[in-house]
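Trainee: Before we go through this model, I would like to ask what stands behind the words we use for it.
Mentor: Then let us take the terms one by one and hold each against its definition.

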Amino acid sequence: MTHRQFASDNYAGICPEAWAALEQANRGHAPGYGDDGWTQEAADQIRNVFETDCEVFFVFNGTAANSLVLASLCRSYHSILCHRSAHLETDECGAPEFFSNGTKVLLLPGEQGKIDCGAIEIMVGRRRDIHYPKPRAVSITQATELGTVYGVEEIETVGELCRRHGLRLHMDGARFANAVASLDVAPSAVTWRAGVDALTFGGAKNGLPMGEAVVFFDRDLAHEFDYRCKQAGQLASKMRFLAAPWVGLLRDGAWLGHAAHANDTAAYLEACVGAIEGVRVLFPRQANAVFLELSPAVAGGLRERGWSFYDFIGTGGCRFMCAWDNTREDVDRLVRDLRELAADDGAGGAEPAVS
Ligand SMILES: *Cc1c(COP(=O)(O)O)cnc(C)c1O
């Protein structure tokens, strides 16, 4: 399949910078299990990006990164607080609980995919006895599952709250690049300077073939993390092929360039659909996703015309995700179809147009 979609940034291929680095890494032999120059350089690049001497590990995917980090922050009788739409709750098949030997995930409400800080206080304060799973970590997603972005001050507020209550703060940054590009701030400002202890730094959705980096800003928390990775089947024997694409992506700032492009494409999509009657944008578009409320006829019509996208039953919306390689021409084709289908839908009078 060559036709570019808006289904997921996972649908996209490998960006040229990562591809070139892979090709270079494929010349000759190098030591296995991370004892190679590429892995060293990729970790150094990440320390450079965050302007601090953090501890870095490379794993195959986000589920492993999130689960193994949370397992190192918690013991089995602890609890992890996250938004009810958090990927680690809804899309990781219980892996955070599994790898932490039973740590309980407690769900928090919050508008537009962001944790409501008052709810953290309530969750922590409502029970302090031995019968309740002791709150130990908070996990926030940046950018969120609903395509919104926590601002610097919002993260600082969560960070402050965590410090006050003795909680560790994890950030699921599957789309961290999109968030940083959207905010136009130093990566350190939305992580360790704001109180984040550990980050899942997403690579796959930013143009890597696969792989996420686990970044511990508090190095003590990384104690024996290498053993966790190995036991979980996340220690790549040919680590240089996980690491080299990171070098290509981070060198010369390609990671932010690709993310900014994806965000811009989403902004363009948002602007184009704004004028279509019967189509409503559901959440403020702040990164690379646009959520639309579409009638079943319009959504079905798009699928018939060959478009793939996710719909979120819980929120009643359809998600259009822009990847690093989606273009404005892709958007124009989608919008043309949307406009035609929405006009037919409106003319048929099956659904009243949403104002
Ligand atoms: C894609 C994604 C992940 C990673 O998922 P894997 O399929 O395990 O790599 C984690 N968190 C969020 C918010 C995501 O969107």
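Trainee: What should I keep in mind about the origin of the values?
Mentor: This is a predicted model, in which local features need pLDDT of at least 70 and side-chain atom pairs count only at pLDDT 80 or more, while totals for chains, interfaces and linings use all residues. Residues are numbered from 1 along each chain as its sequence is written, and side-chain values use heavy atoms, with hydrogens and water left out.

Trainee: Why is isoleucine 115 called buried?
Mentor: Buried means under 20% relative accessible area, exposed over 50% and partly exposed in between, with a 1.4 Å probe and protein chains only. Isoleucine 115 has 7% relative accessibility and therefore counts as buried, although its place is in the loop between strand E3 (104-108) and helix H6 (117-125). Helices (H or I, at least four residues) and strands (E, at least two) are DSSP runs, numbered from the N terminus.

Trainee: With which residues is isoleucine 115 in contact, leaving aside its neighbours within four places in sequence?
Mentor: Contact means heavy atoms within 4.5 Å, and on that basis the partners of isoleucine 115 include Leu81, His83, Ile120, Val138 and Tyr150.

Trainee: Why does histidine 170 count as buried?
Mentor: Histidine 170, which is found in strand E5, has 0% relative accessibility and so counts as buried. Leaving aside neighbours within four places in sequence, its contacts include Asn66, Leu73, Ala198 and Thr200.

Trainee: What makes the pairing of the histidine 170 and threonine 200 side chains a polar contact?
Mentor: A polar contact is a pair of N or O atoms within 3.5 Å; within protein, one must be able to donate a hydrogen and the other to accept it, and residues adjacent in sequence count only if both atoms are side-chain atoms. The side chains of histidine 170 and threonine 200 are joined by such a contact at 3.0 Å.

Trainee: What makes a set of residues a nonpolar core?
Mentor: The set must consist of buried Ala, Val, Leu, Ile, Met, Phe, Trp, Tyr and Cys residues joined through side-chain atoms within 4.5 Å. The largest such core has 58 residues, of which Ile46, Phe58, Ile120, Val138 and Phe201 touch the most other members. Helix H10 (residues 240-250) gives the most to this core, with seven residues, and at least three residues come from each of domain 1 (16-250) and domain 2 (255-347). Another core lies apart from it, with 25 residues, among them Phe6, Leu269, Cys272 and Leu334.

Definitions and conventions. Domain bounds come from an automatic or database domain assignment.
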